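Dear colleague,

I am passing on the structure we spoke about, and I would be glad if you looked it over before reading my notes. What I found follows below it.

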Amino acid sequence: MATIKLTYPDGSVKEFEGGVSGNDVAKSISSGLAREALAIEVDGEVWDLSRKIDHDAGVKILKWQDAGGKYAYWHSSAHLMAEAVECLFPGTKFGIGPPVDHGFYYDIDMGDHTLSPDDLLKIEERMVEFAKRDVSYVREEKSWDEAVAYFKKKGDPYKLELLDGLKGETITLYHQGNFTDLCYGPHIPSTGRIKSIKLLSVAGAYWRGNEKNKMLQRIYGITFPTKEELDEYLFRVEEAKRRDHRKLGKELDLFVFHDISPGAPFWLPKGMIIFRELEKFLRSELDKRDYQEINTPILVKKDLWQQSGHWDHYRENMFCVENDETIYSLKPMNCPESTYVYRHRLRSYKDLPLRFSEIGRLHRNELSGALGGMFRVRQITMDDAHIFCRPDQILSEIDRLIELVTHFYSIFGLKPSYNLSTRPDNAMGDPTLWEQAEASLKKALEKNHIKYTLKLKDGAFYGPKIDIQIEDAIGRQWQVATIQLDFVMLPERFQLEYIAEDGSRQRPVAIHRAIFGSFERFIGIITEHFAGNFPTWLAPVQAVVLPITDAHQEYGAHVHGILKSAGLRVELDDRSEKINYKIREWEVKKVPYMLVVGEKEKNNQTVSVRQHTKGDIGVMAMSEFVDKICREISEKLITS
RNA sequence: GCCGAUGUAGCUCAACGGUAGAGCAGCUGAUUUGUAAUCAGCUGGUUGGAGGUUCAAAUCCUCUCAUCGGCUCCA
């Protein structure tokens, strides 16, 4: 066979005989690499190591560290799990079993049998056993007819349904041990690579993600090449649990939920302080940037929603009440009402842009099963704004918004990432305007040196948008802010106009934007992000004065008074308890500063400062401490 | 809404057909303490709710509400 040229990631080119396998390529580089290799990338496509390469190509050997390697590893793990399930529960029908970001799952139909945690353990044990056999994953190409015949014989209706969508194509099957699956692959060389296995949970999932279809049982699992990596993963899961805002919210007296109003928090005094600080921060930033705050009714007649189109498309999510034969609804969005503020006066081109901000309380009747702590509530407080501008002002407005958003997240130590979504097929509005707007969004992102992911055709039907995700302290991504252009929904439906320079009536462009997304969700996110150790400016109690004995209460009260008049949220713990006891208690409450005062401090007019999580940071003059903490608060420093 | 699990004192959990219990918290008293828990006593529950089975139900059954993990949806 002819020789072929393979290009490595470093650009070097090596010649091989045609039909060389990825495995051979890995071996030719080093035996160590061959041991670690899981798959090979051939011209950007991930292949099995055993598959023969017969043309010139760019190649990269994939190991566990590579995303492609992990995916193949977990994909193969899913097959291993399926084999264990089939062995323990013959007759099980298989749906799909792909890898996911952290592990893999397989959707299965077991008829009447419901999997118990005990079953999971048994499956896990069997997987360990099968993995040890160290059998190869074998790829086989079959004609469509042969594949159909195979799964007909096996009696796997879901696989047959999948095959329906692959008519005329060459079908690949993968075998390992006694299990055969319809699968594109790729897979790792053999089951022996899978060393550490943990089945995590079983949950219902609709076949093909469609709620009209039958619900299958989905088993989630994860595997690793070493036990240490599994332990580390499980530790990270524990860490996430430790940070859970539902747990911390209760422990730190921030908020609680009650059966009496599912999906709506009761804000406790301490949580309300965080809420108010965020509002204060938001308002001061928006004031600097020439926003005008408005407030619109919560309860409005359904006529508004008929005009906005929500009545047709969003009605099942709206709470309605009837009064005197008129149907009202609690607003699920602020936007339609903001147009009433716009239309309050005839607007001139000179008035634009108009930036109306609104901290609006919304109600959305989310499905009961969708609720989850602060992350998904029915009563939402949104940091909303609607900017009405001329088309030629889009660029500068987006530019300002990007500056605002970047500034906001930097204060919290959250890393933003940006997605730009463009014109979908069902778009409404002038295509030229779309093009112009998309170009403006791009330009604004580029001007700010922001890398972004382009999501083609993912915009709303009324305009393109920039979605912003943030990454928290433990690497999780959250969708929060959104900047949406709107040529249609508000401007057209509500017939917004401004008088242009030439006296003609023109349509403004509306920009919908939120930064926190919602106060509820954002507070949930930062509670987990900071693990409850809020920066001093947000901390419900910023400092607490701890007199050592009753003899120091008077001085303690003096210190407390000074801090209070400096504007701090400070408490005095004058209980007759041991100092260790008090310290422990306030440490658990995650208060940033403790001021221990006893005989020495009283005589020298000082305070002994203990910082949360850091311990004793020494004795300071009172004024020194006040300066320190006040600077920390005004600069919104992150100290934990 | 769908699938599965769970619901016992303010919190974390025990009791799994036979008188509901512990730790923490709370209250009372003693203790006067130097950087993560002083001691003693006391209070606290129609076992989420409604029905049913049984001589007897926290425990078994039915319905319902809520929560959790997913699916769908989404700020």
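Predicted model: local features only at pLDDT ≥ 70, side-chain atom pairs only at ≥ 80, totals over all residues.

Does Arg 242 count as buried, partly exposed or exposed? Arg 242 counts as partly exposed, since its relative accessibility is 44%. The side chain of Arg 242 meets that of Glu 239 in a salt bridge, at 3.1 Å from N to O, and because these two residues are three apart in helix α7, about one helical turn separates them. Glu 239, on the other hand, has a relative accessibility of 16% and therefore counts as buried, the limit being under 20%.

Helix α7, which spans residues 227–243, also holds Arg 236 and Glu 232, four residues apart, or about one turn of the helix. Their side chains form a salt bridge as well, with 3.4 Å between N and O; here Arg 236 is partly exposed at 43%, and Glu 232 is partly exposed with a relative accessible area of 47%.

These pairs belong to a structure that holds 40 salt bridges. Another of them joins Asp 66 to Lys 60, with the closest N and O atoms 3.3 Å apart; Asp 66 counts as buried at 17% relative accessibility, while Lys 60 is partly exposed at 32%. Elsewhere, salt bridges link Glu 285, Lys 288, Arg 289 and Glu 403 into a network.

Turning to the strands, you will find an open sheet of three, in the order β19-β21-β20, with antiparallel pairing. Because β19 (299–301) and β20 (320–323) are at the edges and each has a single partner strand, one side of each is left without a neighbour in the sheet. From one strand to the next the twist averages 35 degrees. Four bridges join β20 to β21 (residues 326–330) in the antiparallel sense, and Val 321 stands opposite Tyr 328 of β21.

After α17 comes Lys 590, which has a positive phi, near 60 degrees.

Note on methods: Residues numbered from 1 in each chain as written. Chains lettered and ligands numbered in written order. Heavy atoms only, no water. Pairing = 2+ DSSP bridges. Axes fitted to C-alpha atoms, helices over the stretch in contact; angles between N-to-C directions. Salt bridge = Lys/Arg side-chain N within 4 Å of Asp/Glu carboxyl O. Buried < 20%, exposed > 50% of the residue type's maximum accessible area, 1.4 Å probe, protein only.
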